[in-house]
Amino acid sequence: MAVTFDMVREAALKLPSVSEGTSYGTPCLRIGKSMICRLREDSETLVLKVDPMERDILMEAEPETFFTTDHYRGYPLVLVRLPKADIDHIDMLLRRAWFAAAPKRLTKRFPDAGG
């Protein structure tokens, strides 16, 4: 089954202190002021916060799912083709993004939320 942004939203909102908003006119999910992910204008591509080294591994392992563009190359973000993605994998990556963006007080209170 193809992953949708609604599925991503549902997974992310289970994490402590995650809220919905908009970024560049599209839906996004954030913790505080830090974006975890957002939907691109095409409604099929997710912009997801990841460690740059992990981004390279993801793109090499699953190039049909994970990619980048010149615009995003200098940022700790990966682009995800949602129709090609696996929700369990996205959930794990969301947890890592949450852990990286969450204040230390939250990561100490919810250490299992980071995956």
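Which residue takes a positive phi in the hairpin of β2 and β3? The close-ups below take you there and to its surroundings. This is a predicted model, in which local features need pLDDT of at least 70 and side-chain atom pairs count only at pLDDT 80 or more, while totals for chains, interfaces and linings use all residues. Residues are numbered from 1 along each chain as its sequence is written, and side-chain values use heavy atoms, leaving out hydrogens and water.

**View A. The hairpin of β2 and β3.** G32 is the residue to look for, with a positive phi near 65°. Two residues sit between the strands here. Strand β2 (residues 26-31) pairs antiparallel with β3 (residues 34-39) through four bridges; strands are DSSP runs of E, at least two residues long, numbered from the N terminus, and two of them pair if DSSP finds at least two bridges between them. Across this pairing, R30 faces M35 in β3.

**View B. The hairpin of β1 and β2.** Strand β1 (residues 18-23) runs antiparallel to β2, joined by six bridges. You can find V18 opposite I31 of β2. Between the strands lie two residues, and Y24 in this hairpin has a positive phi near 55°. Five of the six residues in β2 are buried (under 20% relative accessible area with a 1.4 Å probe, protein chains only; exposed is over 50%, partly exposed in between).

**View C. T68 in its loop.** Look between β5 (66-67) and β6 (77-81) to find T68. T68 has a relative accessible area of 15%, so it counts as buried. Leaving aside residues up to four places away in sequence, T68 touches M59, R73 and L79, where contact means heavy atoms within 4.5 Å.
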